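Here are a few exercises to work through with the model open in your viewer. Try each one before you read its solution.

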Amino acid sequence: MGKEVILDVKNLNIAFQTYGGILRAVRGVNFNLHKGETLAIVGESGCGKTVTAKSIMGILPKDNTIMDAKKSQINFDGKNLLALNEREMSKVRGRDIAMIFQDPMTSLNPTMKVGEQIAESMYLHGISKKEARVEALKMLELVKIPNAKTRFNQYPFEFSGGMRQRAMIAVALACKPKILIADEPTTALDVTIQAQIMDLIGELQKELSMGVVLITHDLGVVASVADRIMVMYAGKVAERGNKDHIFYDLKHPYTYALLKSVPRLTVQNKEKLYSLFGTPPDLVTPPKGCPFAARCEFAMKICDIHPPERHEFGEMHSAACWLHDERADKRDLPAQFLKRGESNGQ
Amino acid sequence: MLKFILKRVGFGVFTLFVIITLTFFIISAAPGDPIASKAELMPEKAQEVIRAKYGLDEPILTRYFLYLKNLITTGDFGESITYTGRTANQYIAKNAPISAKIGIMALLFQVVIGIALGMVAALKRGKVTDHVIRVCVVLAICIPSFVFAALLQYYIGFKWRLVPVQGWGKPSHYVLPVIAFAVGGIASYAKYMRSSVLSVVSEDYIVTAKAKGCMPGRVARKHMFRNSLLPIVTMTGPAIAGIFGGSFILEKMFSIPGLGRYYIKAVSDSDYTMVLGLTAFYAMLYVVSLIVVDITYGLVDPRIRIGKSAK
Amino acid sequence: MSDNQNMPITEDLFERVGIQKNRAEDLSKPALTYWADVWRRFRENKLAFLGLIILVLVIVVLYLGPLINGSDYQFINEIDRNQGPSMKHWFGTDTMGRDLFTRICHGGRVSILIGVMCTGVMFVFGSILGSIAGFKGGVVDDVIMRICEIVNNIPYLVLVIILSMVMGRSLFALVFAMSFLSWTGTTRMVRGQILQIKELDYVQASTALGGGTAHIIFKHLIPNTLGIIMVTITMSVPGFIFGEAFLSYIGLGIEAPATSWGALAAAGQERMMFYPHELFFPCLFMVLTILSFHLIGDGLSDALDPKLRK
């Protein structure tokens, strides 16, 4: 793309110690983020997208998280974030990389004034309390909260849902970070408010030249906002590419199933709604081959035995699937799966 | 907020009224007529005075209103019928301050130590410190205060002679009673503070605080502490009840001339009027302390202070 | 399948198999019924299980002990006064030469009986009141809640003292005095459960399908509330045992010739400096029993907590 890479994640492996055994939540994930771009991470609940996001911020629970800083890397600003100690990491959080969460009601401290919470972001990173309050007021105006002066001294319960999410954005962007991670920022909001919030994030992104990592399961939001998309399944990356690649030139059966599942207005009256059968696999004993094999309508014998290799399809577009091997059975595949020049048939 | 306070005070007054009424009628239902039987032993003149004052010849309702009138207009809680001439007011004036001293000290210990222990246990969850604290808490809750007091008296007072076993007058007399009074409360506060902190720890806004760059110490102080403390404030009301109750037995055991000891003495002497008077006093104290606690809670929790009329 | 990982990749492996329904759903853990799961979690909680064992042991001792021992708890023997523990008197004797062990057994039966009876009254009365409030709603509910608030503001112990003073020291009087004001917690809890359940989708569905009030109570309310009820009951019994002991200490407990742990402890208290065993043994039993109830209650509430489900 020509823009500089601001975040580079290599071989991310995260596991959790649970009562039932070791749960491998993220297994060998790689991706990067460029300046000013929006990368959407898409997938079902439990696919590892939130865990990935939290690992960038370093806020996974210390006592039961298993990660190896020598084998995995999260490179930002010339440093491997996984190798930083708590003090160093806390300097990065909020100031260079910020995060907003799904439920704005529970994500704000109920007994602390909203203005104070925004100001806290700033005076944690060196600005004086007095100055921070002045800047915090400006932030409230920047996120378009009316009557900012009065609202500054109010508590979260006095705000509406949409306003709270705006306040959360103000908290996160107070230090003008280089990266914003948004974990399902609109899931808890009404549809009309969703659009407003996404617009707001887009505007601020442009103004601050921020990179945005957007975690969501809502393909509609992805279609309007994302530059690049990463589809995750069961802790692994199924497919990654830019918007056109994923929506029109998709190469992975899971991506295909996701897109098919979105109900469309053009569906004929009596057609059954497509639903993907089954549930994601247990990650304590993950399947040996491709994690999606059991639910995949195009699965082959090899899919259960060996994990698929990653195939490249041009600039920054890749998918991990055995169907793209030359030896694969290519009958009845969706048109997009086939390379240009191939036809539907042997 | 003002509305809240007024409502609460009004309700408190009503409750007080209910308690005193209830007590009066229960005591009047006591077998035999204690006032009359005691009165018969006295000289004529005294009998007339007593009859007039308590309206002995009148039906019960009249006596009731007479009592209330005395109480409200003159603050007269009642006279002893066992020891003529002594009034409840005398006992209150002389002995209540002593009980209060121990009670307040115990309350302070309970709150400060209990909350601190609870917070430490929660923050060090699962580690040795947590287990030790939890075991101590369970033991302290399951051992009744008088058993604990007996143990203290026996070992620390009697066997090791570190402090006097009983009595009143010197600072060293405070030691065992205050410990005995405070132990149960420390355990309760620790237990509830621990649960409260643990539930706050798993809240989303704690994650937000960390995501902003707060170091763990600051997260604990600024974000966890106040939010964990809120539900605990409401415990202070019943804790005060615990101290009253404790005072009944512990003052007797430690020979402390507090109000509780005289209350129990009045009970065992079947000195009904004195019991009535002191009960009215205790009821007043209790209701007032509950009102204070509720109002404090309202002041501390912004959701109540500002009212839920959001937006 | 793991050995197959080293298999060479051959052409035939690219044969299609499609969706495999039997492996597509995650059925890794055997599904346990709710109560089986609760019992399993309770058992695994060592402390709770220990509590259960202690309680069972105590009760066995209380009822079988005197049979083995053979002594009469009322038998006054001037010669053997205030003796320490020995082969003849396992826990020693009290000031009237009565065998302490037997007295503790009989007293224990009374203490636990009082605890259980008070809890029973509290529970029945509280549940009825709470149910009326929950089901009827409206004015009835308001009135009942107001009464609860008032009762909560009454200093419990003080009223208990006055009631026992006036009613005497029979078993009935004690149980009445202690239960009189104890029901507000239960009432609130039952009412809360009913309100919650009334709102639940499946209950509304059930009502829409024709299920009446009785049906709701038995099929929905009781199974859901049983857990909390058990916890509440378990945690209430020790409170009443303590209450009776408290009354004994101020001279209002159960009347002679019956005895209770509280009465024994109170008597032992007088002679603590000289014959500590007379205080120690009753207290030990009382504490053990209270402790076991507490551990069971804690274990039950942990076992029932859905957030801790593994």
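**Exercise 1.** Read along the sequence, which pattern does chain C follow?

*Solution.* Keep in mind that this is a predicted model. Walking along chain C, you get α-α-α-α-α-α-α-α-α-α-α-α. Next, look at burial: of the 310 residues in chain C, 40% are buried. Finally, take the contacts in chain C between residues at least 6 apart in sequence: 68% of them join residues at least 24 apart.

**Exercise 2.** Check the length of helix α4 (residues 60-74) of chain B against what its residues should span.

*Solution.* Start with the 15 residues of the helix: at 1.5 Å a residue, they should span 21 Å. The step is taken one less time than there are residues. Now compare: the end C-alpha atoms are 21 Å apart, which agrees. Then ask about burial: the number buried is 1 of the 15 residues, so α4(B) lies largely in the open. Last, step past the end of the helix: B:G75 follows α4(B), and its phi is positive, near 65°.

**Exercise 3.** Describe the side of chain B that touches chain A.

*Solution.* Count first: 19 residues of chain B are in contact with 27 residues of chain A. On the chain B side, the elements giving two or more residues are α9 (204-212), α10 (216-233) and α14 (302-305). Of these, α9(B) gives the most, with 7 residues.

Definitions and conventions:
Residues are numbered from 1 along each chain as its sequence is written. Chains are lettered from A and ligands numbered from 1 in the order in which they are written. This is a predicted model: local features need pLDDT of at least 70, side-chain atom pairs count only at pLDDT 80 or more; totals for chains, interfaces and linings use all residues. Helices (H or I, at least four residues) and strands (E, at least two) are DSSP runs, numbered from the N terminus. A residue is buried if 20 or more other C-beta atoms lie within 10 Å of its own, exposed if 12 or fewer, and partly exposed in between; C-beta atoms are placed from the backbone. Two residues are in contact if their C-beta atoms, placed from the backbone, lie within 7 Å.
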